[in-house]
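Open the model in your viewer and keep the selection tool at hand. This tour goes from one stop to the next.

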Amino acid sequence: TALVSLKKAVEKQGLPFEMDEGGGAFYGPKIDLKVKDAIGREWQLTTIQFDFNLPERFDMTYVAADGQKKRPYMVHRALLGSIERFFGVYLEHTAGAFPLWLSPEHAVVVPVAPTFDEYAKEVEAKLRAAGLLAKADLSDSRMNAKIRDAQGQKIPYVLVVGGREAEEGAVAVRVRGGEQLPPMKVEAFIERANAKLAEKGL
């Protein structure tokens, strides 16, 4: 039967599982993959399930090797389950600190004073031209407030620019989490960020 086949498939993978005899009553036997969220609650996400109902309703048939018409099984495969539930669990898991490749913004450029706004805009333009999601924070806030704001938004990189950076075509890099990298050329930062994006890192 379909249930026996599913059970054998899971056992073959050596995965722990629990049988829920009535759980798939509406459709048919199913495999639910459950994950624990940040505070230990269990959620059903991925589901693979037999459906005996729809093939019957749509009068689906195929011609088997013996030349006879037979009713197929339908298999539903929902890799993320409910997309809203998946993103809810993932948001809690990361506490909003998305990996670089998922972040809606990769970097924010923070000038140490309004004098360096133009250079900050130049850096922003270079980053955007290289395909990075970046913005220059040219608000009236003080530099430290801008940095705190970027950290609160969980932006992966804060690029601080002042006189020395403007002269050298460089940026001072702060990585989310507090690590500070040595000042580097804008091109070197772009190369680093793109490499991190390619390897799905930070």
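Select helix H5, residues 143-152. Its buried residues are Lys146, Ile147 and Ala150; buried means under 20% relative accessible area, exposed over 50%, with a 1.4 Å probe and protein chains only. Look down the axis of H5: these buried residues fall within an arc of 100°, so they line one face of the helix. The arc is taken from the directions from the helix axis to the C-beta atoms. Turn to the other side of H5, where Arg148 and Gly152 are exposed.

This is a predicted model, where local features need pLDDT of at least 70, side-chain atom pairs count only at pLDDT 80 or more, and totals for chains, interfaces and linings use all residues. Numbering starts from 1 along each chain as its sequence is written, and side-chain values use heavy atoms, without hydrogens and water. Helices (H or I, at least four residues) and strands (E, at least two) are DSSP runs, numbered from the N terminus.

Now show strands S6 (107-111), S8 (157-161) and S9 (170-175). The buried residues of H5 pack against them, with contact meaning heavy atoms within 4.5 Å. Lys154 follows H5 and has a positive phi, near 60°.

Next, pick Asp117, in helix H4 (residues 117-129).

Finish at strands S1 (residues 30-36) and S2 (residues 42-51), an antiparallel pair with six bridges; pairing takes at least two DSSP bridges. Asp32 stands opposite Thr47 in S2.
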